[in-house]
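Okay everyone, let's take a look at this one together.

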Number of protein chains: 2
Amino acid sequence: MKTLKKRLNPRKEPNQERARDTVENIVGATAHILEKDGFEKISTNRIAEKAGVSIGSLYQYFPTKEAIFSFMMERYVKSQTEMVDKLIQERRQSLDLKETVRIIISAIMESKIKQSRFQKMFAEKVLSFAGYESLHKQDEHLISVFEKYLEPFGDEVRKENLDITLYFVIQSVKVLPIAILYQNKIKLQDPRVTEELVELVYRYMKK
Amino acid sequence: MKTLKKRLNPRKEPNQERARDTVENIVGATAHILEKDGFEKISTNRIAEKAGVSIGSLYQYFPTKEAIFSFMMERYVKSQTEMVDKLIQERRQSLDLKETVRIIISAIMESKIKQSRFQKMFAEKVLSFAGYESLHKQDEHLISVFEKYLEPFGDEVRKENLDITLYFVIQSVKVLPIAILYQNKIKLQDPRVTEELVELVYRYMKK
DNA sequence: TAATAATATGAGCAGGTACTCACATTTCGA
DNA sequence: TCGAAATGTGAGTACCTGCTCATATTATTA
């Protein structure tokens, strides 16, 4: 456990401006290589080269290669979670479940389209790397947030296997759009994708 | 294109019994290592060692490491497709859609539970490796099979965005159970998982 | 300005990787 | 029974990997 933390946490916090630039360049180069050449082609040497940074600098801020992925993942998960939390908070008063579902899924889809460079990396890592507990934590957090939000919907929502239901809902929204990215007929930007996802989730949840 | 085929196709067909054993040992060892140590720890040398086979023999039947994965994938995809095709064929006469959905999903879940050793490998490869066209071909095949099967269900099935709907259905059944494998609260064997998957798919498809 | 701290550098290392090839062994039909 | 074809062997190679460390450069502080 301690080993894991040591290996995933940043080695050193960047204080000066140029140090923050270095870190951002590393992250940017990593995303770029992932997007262009895929996971198999990535190496710390290549990342450093692409970032215009020496391999030594890279290892000043990231103790291992995985730490780079972990950093990017954590950052993305955090922004997604904050977004959903905020939307739920805003919808606290409303009792229109379908509209809430639509608003949340639309927002997520929009960010997925924008940040589609990260999405393929996610497809390869999201389900695979047990070390990324932050993702499981996010799932659990979202489940409890939704569970609380759904309390007033006693008559509208099916609550027999709510744990599985909510897990499936979350995974559907996370994973189905990524699956779309990997076939080449339907575009992620096609508004019907969002529509269908809303349809799937709402129909599945309601009584 | 030609390069890809050359690199993924078996180099030599095993004719004698012992040759077939060699191939099976290689495949078995690969599955075993994947299951135990994960994708990152796998190497052809390790596979050969675990299989009790020389590295030279391995390369007589598989021209590259990827060819081993490809072979296993193709074999699995083929068995799954045949199973679904057969079930659909048997259900040709019936007009009970939900029961059909239940039968197919139950069968798939059963095989996923049995072959769960392959499932994690799939989670890492299914969406990620563009080279595995066989998977996309399978998706397209299944879509057309379902589309045909659904023709008589004019009144029961929602057909506005049928392309997306069927794609989401297929991906849900493929991916959601795998997602279950990667969290540790709900077990894949829990019959509620199958139930919920049926519920999700049927509710999503019906009018 | 001088000293100290922060940051950047990249040659190089130890170990792993996919894969080859010249040769040994086994199988089997003639 | 014998020889060709099929199968098996594993030391070896060229390359790549993650990562270190001694040193140089730049920024901050006193």
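**Around the DNA strands**

So, four helices each supply at least two residues of the surface near DNA strand C: α2 (17-37) and α4 (55-61) of chain A, plus α3 (44-51) and α4 (55-61) of chain B. Helices here are DSSP runs of H or I with at least four residues, numbered from the N terminus. Keep in mind that this is a predicted model, where local features need pLDDT of at least 70, side-chain atom pairs count only at pLDDT 80 or more, and totals for chains, interfaces and linings use all residues. Residues are numbered from 1 along each chain as its sequence is written, and chains are lettered from A and ligands numbered from 1 in the order in which they are written.

α4(A) brings the largest share, 4 residues.

And what about DNA strand D? It also has 23 residues around it, with A:Ser43 and B:Asn15 among the closest. Here α3 (44-51) and α4 of chain A and α2 (17-37) and α4 of chain B give two or more residues each. α4(B) gives the most, with 4 residues.

Now the chains themselves. Their contact (C-beta atoms, placed from the backbone, within 7 Å) takes 29 residues from chain A and 28 residues from chain B. On the chain B side, α9(B) gives the most, with 11 residues.

Key: A residue is near a molecule or strand if its C-beta atom, placed from the backbone, lies within 6 Å of it. Two residues are in contact if their C-beta atoms, placed from the backbone, lie within 7 Å.
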